[in-house]
Amino acid sequence: MIENISIILNTELCNKTKFILLSKLAFLREKAELYSNYVYLSKITKSHYLRDEIQHQSEQSVKASKIYESMNIIASIIDFKCDDLYLTYNYTYIYDIVSHIVTTYNLHNKDKIILPKLANGDLSVVGLDGNARISNIFNNELELSLGEKDIKKKVMSIYTDPKHIKVSDPGHVEGNPLFIYVRQLCSDEVVRSHLGFDSVADLEDRYERGGVGDKLIKEMLFDTIKSLVKPLNHKIQSKFLN
């Protein structure tokens, strides 16, 4: 089983993506155990995201693995000494715990830890159903390990503007999950090659005026995700599973 692989799907950075299997780094496991001495377990489990994740699990081993995963991520944030830290919505709770651990550690040790700066950039992507939180509990996430048929099924199920019933109907772009994904993953070139429009902005303008169907946009998005996922999965297979 592959655990704790973090990927930023950015069309410009895709070929430069590096994969780190956190669970295989022995020093991180040791640091995770060390840092766990500087935070109460209740502070970790009471975080809104992790609390909900744990409550939906019946087996203690699964609950323990969620906490272990969080501590591994915390250790990597502290020890990789990044200049700017980007966290998606699901893991913003982590930063509060990191800050607490760093503060407590520095109070009791001569060697000081520098708290990484939380970057202002927004990497958050809403769930496929429009929920602000992405979680396997809600089944609103897009797993990269899925086959093409399942990925397409999920993409075609993305929640859109409920008032955009007919192609001719004016649609809303802001807050529309479909366009949140399009902005993140589709370049102007992709829009031109798939839909014949000048840019993402041009697509949005036409959608708001009416005349562009959700299905066409979803098919473009699926093709884009498919082209991104294939090389990423190849990297994962060659690096971790061979």
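Which residues in helix 7 meet which residues in helix 9? The legends below start with the whole chain and then come to that contact. Keep in mind that this is a predicted model.

**Figure 1. The whole chain, with its ten helices and two strands.**
Reading from the N terminus, the elements go α-α-α-α-β-α-β-α-α-α-α-α. The protein chain has 242 residues, and 40% of them count as buried. Its accessible surface comes to about 14,300 Å², with 51% of that belonging to carbon and sulfur atoms. Take the contacts between residues at least 6 apart in sequence: 64% of these join residues at least 24 apart.

**Figure 2. Helix 7 passing helix 9 in a right-handed crossing.**
Here is the reply to the opening question: from helix 7 come Phe-179, Val-182 and Arg-183, and they meet Val-200, Leu-203, Glu-204 and Tyr-207 of helix 9. Sorted by class, this contact holds five nonpolar residues, two charged ones and no polar ones. Helix 7 covers residues 177-185, and its axis comes within 11 Å of the helix 9 axis, crossing at roughly 165 degrees. Angles over 145 degrees count as roughly antiparallel, so that is the label for helix 7 and helix 9.

**Figure 3. Helix 9 on its own, residues 200-209, with its buried positions.**
Val-200, Asp-202, Leu-203, Glu-204 and Tyr-207 are the buried ones here. Val-200, Leu-203, Glu-204 and Tyr-207 also turn up in the contact with helix 7.

**Figure 4. Glu-208, a partly exposed residue of helix 9.**
Is Glu-208 buried, exposed or partly exposed? With a relative accessibility of 39%, Glu-208 counts as partly exposed. Setting aside residues up to four places away in sequence, Glu-208 touches Pro-170, Gly-171 and Val-173. Take Val-173: it is 35 residues from Glu-208 in sequence, yet their C-alpha atoms are 6.8 Å apart in space.

**Figure 5. Phe-197 in the loop between helix 8 and helix 9.**
Helix 8 covers 188-195, and Phe-197 lies in the loop that links it to helix 9. Phe-197 has a relative accessibility of 15%, so it counts as buried. What is Phe-197 in contact with, once neighbours within four places in sequence are left aside? The list is Val-191, Arg-192, Asp-202, Leu-203, Arg-206 and Val-212. Asp-202 and Leu-203 from that list are among the buried residues of helix 9.

**Figure 6. Ser-199, another residue in the loop between helix 8 and helix 9.**
Ser-199 counts as buried, at 16% relative accessibility. Leaving out residues up to four places away in sequence, Ser-199 touches Asp-188 and Val-191. Val-191 is also on the contact list of Phe-197. How many residues apart in sequence are Ser-199 and Ser-187? They are twelve residues apart, and 7.6 Å lies between their C-alpha atoms.

**Figure 7. Cys-82 in the loop between helix 4 and strand 1.**
For this view we move to another part of the chain. Helix 4 spans 60-79 and strand 1 spans 84-85, with Cys-82 placed in the loop between them. Cys-82 has a relative accessible area of 28%, so it is partly exposed. Not counting residues up to four places away in sequence, Cys-82 touches Ile-77 and Pro-116. Ile-114 is 32 residues from Cys-82 along the chain, and the C-alpha atoms of the pair are separated by 9.8 Å.

Notes. Residues are numbered from 1 along each chain as its sequence is written. This is a predicted model: local features need pLDDT of at least 70, side-chain atom pairs count only at pLDDT 80 or more; totals for chains, interfaces and linings use all residues. Side-chain values use heavy atoms; hydrogens and water are left out. Buried means under 20% relative accessible area, exposed over 50%, partly exposed in between (1.4 Å probe, protein chains only). Helices (H or I, at least four residues) and strands (E, at least two) are DSSP runs, numbered from the N terminus. Axes are lines fitted to C-alpha atoms, for helices over the stretch in contact, and angles run from 0 to 180 degrees between N-to-C directions. Angles under 35 degrees count as roughly parallel, over 145 as roughly antiparallel, 65 to 115 as roughly perpendicular and the rest as oblique. A crossing is left-handed if the near helix is turned anticlockwise from the far one by less than a right angle, and right-handed if clockwise. Contact means heavy atoms within 4.5 Å. Ala, Val, Leu, Ile, Met, Phe, Trp, Tyr, Cys and Pro count as nonpolar, Asp, Glu, Lys and Arg as charged, and the others, Gly among them, as polar. Accessible areas come from the Shrake-Rupley method with a 1.4 Å probe; for residues, only the protein chains shown count as cover.
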